[in-house]
Amino acid sequence: MQFEWTPEQDAFRHKIRDFLHTNLPDDWEKFSEHGPASPALTAFAREFCVKLAEAGILFPHWPVEMGGEGLGPWEQQILAEEMWIAGEPRGGQYMNVNWIGPTLQKYGTEEQKARYLEPITRGQSLWCQGFSEPDAGSDLAALRTRADLRNGNYVINGQKIWTSYAGLADTCFLLTRTSDDRKKGITIILVPMDTPGITVRQIPSLIGEGDIHEVFFDDVTVPETARFGDEGQAWEIVAYSLRNERLGIPRFTLARAALDRAVAMLQGEGRFSREYVRIEAARCAALCEAAGTANYAVVQKRVDGLAIGAESSSARYATVMAERAVCEFVIEFLPQALAGASPYLKMHHQRGIVAGVAAGSAEIQLNIIASDVLELPREPR
Amino acid sequence: MQLALSEDQTQVLDFIDSLARPYASLPMHDVSLALESADLDAALVESGFLDVLAVEELGPVTAALVVEKLARLPFAVEAAASAMVRPLIDPDLPRPLCLVEEGRTGGPVRFLRPGASVVVVGLSGVRSFTVDAGMIAAAQEDTLYAYPVAFLTGLPDAMTVHDVDAGEVLRAWRVAVAAEAAGLLGAALAATVTYVSDRKQFGRPLATFQGMRHRLAEDQVITNSVYWLVLRAAGTGDSGDAALALLHAQEAAKRVCYDYHQFLGGMGMTLEHPLHLWTYRLKLLTAELGGRGEQGLAAAEALWG
């Protein structure tokens, strides 16, 4: 076992840091208070991701046949860490390189790959995930948005909710129901967001402006070729995607960076000498590092080409614990940070609320751990 | 970064499994509070498992893996101090090795018995002596320790002074205790999971109730992350990592011990089920090196000055 980064990995991290230093504006920390899906950050990301692409660090972890450099999971991790610590200047485009691109490559038709991969590689596309519905949140398989095949077209009717990025996205990775079979009746359709019949309403959120939305589909008609995978294959494809997504955002790194920032502020004010504050800060650091090592253990499995199972849920839950602890530390000892004393800590606090909810709720992760890691007998249904 | 077990490490752990097989389970109704096996101890010494730290291709991570593995056994083994701290001080110090903090020598000392090496670590450096019966307080009856424990009556006037940095010994000591705690946490969780999966109430296994499933799942998250923090601390040799690992382990121990006995219900109050062997050891480890607060202060000092 080796817990240090290789010189090549260190060099890669420094390359990204140097790039961020050069390409982020001086007022970036204040700017990043805009939500990750806000109009301001989305517009910024469209320029920033072009520069990333030009520098070869938009998708260096993708395989060579997809136009990447084939650098692998550790470099993907390092890239994600540095971006997230910096406040995610890629905005919603992080999803493109983490899971949408690889999922398109694995399950897409040649037409879909040709249409959607190229804009992703230019840093010019934004997707949203049409998953949750008013009556289908954690119970995703209860979704009811229908897609009916009529004369070579799918006609879509229904509603999605809490959809990130929907306000400005150009394409929706949409889960629809094509038959009554609970899981095998769900089908993915790639829907251009400018298709007539789509209405998007923003929901005010704690994360920042423009982040989450309701999306209504009224007789939205797309050709049959917009179907992604086979009818009924959505559950399999989403499971594949979420395995990437669950590790996708290394929130523990921002939590740790926020903690360091908070400690520095307390030190600056001469308030980091009291023992209870120091002990509480150390407890937060332990939770951040614990989440980090648990995540790295999962990345190692990807490096070794092993299937990633329920242990990613364990790593994810460890991350939720770290996020919460750091947010609680900041509000207890630096409440002024939420009122503008530290844009960075405010940004962390805004985004921290998402940790236990997005990409499968924390309680669902606990269910998965109970059944598939601990192998406890399942609850009766 | 490379977190997979090496072939050598897998082999060492497999060997320990074979060697420890006769000691892996206990007949019910035959479980005392503190359980030891001289035969197991002798077998471990003879096979060299307590000396892997000095073997170049094995090193401290393997030593931590060995300690974690052995802590899962129902029999208490003095492995942590011997395997992870002794090589730094003097690999030939007689076992068992008892580590005590200068100024805190009045507390319960695990594995203390005549002939043991007591190592005193503190501001005066690292000093040791071989303890004789006259320096050990009369045995107390009815103690609640799941380790063999005794108390020192004082320190001798003359001790062997070791030319080693006390801070470095403290670092290794923290990792060693955390590695032992990681194994105890793993074993206690496994024993609880087995029990609540078998035990039926209201016509179904207790483990099917979400009130229990979620708490056990959280315990798995914490137990897993203690394991990884311990290995990292062993691998980096960093004093901050060591303090964080033991802090997290002691936090975890505090969280799970009462939960697990609670989940076992009536059985959790008995000596018939071996759960206490791991939880009551964990309880004592929460007091090691001054407890969570001391590790927190040490970590804060290492991380932020």
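Modeller: Packed against the buried residues of helix 12 of chain A are helix 10 (311-333) of chain A and helix 7 of chain B. This is a predicted model, in which local features need pLDDT of at least 70 and side-chain atom pairs count only at pLDDT 80 or more, while totals for chains, interfaces and linings use all residues. Residues are numbered from 1 along each chain as its sequence is written, and chains are lettered from A and ligands numbered from 1 in the order in which they are written.

Colleague: What makes a stretch count as a helix or a strand, and which residues of helix 12 of chain A are buried?

Modeller: Helices are DSSP runs of H or I with at least four residues, strands are runs of E with at least two, and both are numbered from the N terminus. Helix 12 of chain A covers residues 362-373, and its buried residues are A:Ala362, A:Gln365, A:Leu366, A:Asn367, A:Ile368, A:Ile369 and A:Ala370. Just after this helix, A:Glu375 takes a positive phi of about 55 degrees.

Colleague: Why is A:Leu254 called buried?

Modeller: A residue is buried if 20 or more other C-beta atoms lie within 10 Å of its own, exposed if 12 or fewer, and partly exposed in between, with C-beta atoms placed from the backbone. A:Leu254, which is found in helix 8 (residues 251-268) of chain A, has 27 other C-beta atoms within 10 Å and is therefore buried.

Colleague: Which residues is A:Leu254 in contact with, leaving aside its neighbours within four places in sequence?

Modeller: Two residues are in contact if their C-beta atoms, placed from the backbone, lie within 7 Å, and with those neighbours left aside A:Leu254 has contacts with A:Trp84, A:Ile85 and A:His348. A:Gly352 is 98 residues from A:Leu254 in sequence, yet their C-alpha atoms are 9.2 Å apart in space.

Colleague: How do you know that A:Trp162 is buried, and what is its phi?

Modeller: A:Trp162, in strand 3 of chain A, has 20 other C-beta atoms within 10 Å and is therefore buried. Its phi is near 55 degrees, a positive value in a residue other than glycine. Most residues other than glycine have a negative phi, and most peptide bonds are trans. A:Tyr165 also has a positive phi, of about 70 degrees, although it is not a glycine, and its place is in the loop between strand 3 and strand 4 (171-177) of chain A. With 25 other C-beta atoms within 10 Å, A:Tyr165 is buried.

Colleague: What makes helix 9 of chain A roughly antiparallel to helix 10 of chain A?

Modeller: Axes are lines fitted to C-alpha atoms, for helices over the stretch in contact, and angles run from 0 to 180 degrees between N-to-C directions. The axes of helix 9 (residues 275-303) and helix 10 of chain A come within 8 Å and cross at roughly 160 degrees. That makes the helices roughly antiparallel, because angles over 145 degrees count as roughly antiparallel, those under 35 as roughly parallel, 65 to 115 as roughly perpendicular and the rest as oblique. The crossing of these helices is left-handed, a word used if the near helix is turned anticlockwise from the far one by less than a right angle, whereas clockwise is right-handed.

Colleague: How do you know that strand 2 and strand 3 of chain A pair?

Modeller: Two strands pair if DSSP finds at least two bridges between them. Five bridges join strand 2 (residues 146-150) to strand 3 (residues 153-164) of chain A, and these strands run antiparallel. A:Arg150 has A:Asn153 as its bridge partner in strand 3 of chain A. Two residues lie between the strands of this hairpin, where A:Asn151 takes a positive phi near 50 degrees.

Colleague: How many residues of chain B are in contact with chain A?

Modeller: There are 38 residues of chain B in contact with 38 residues of chain A. Helix 7 of chain B gives the most to the side of chain B that touches chain A, with 16 residues.
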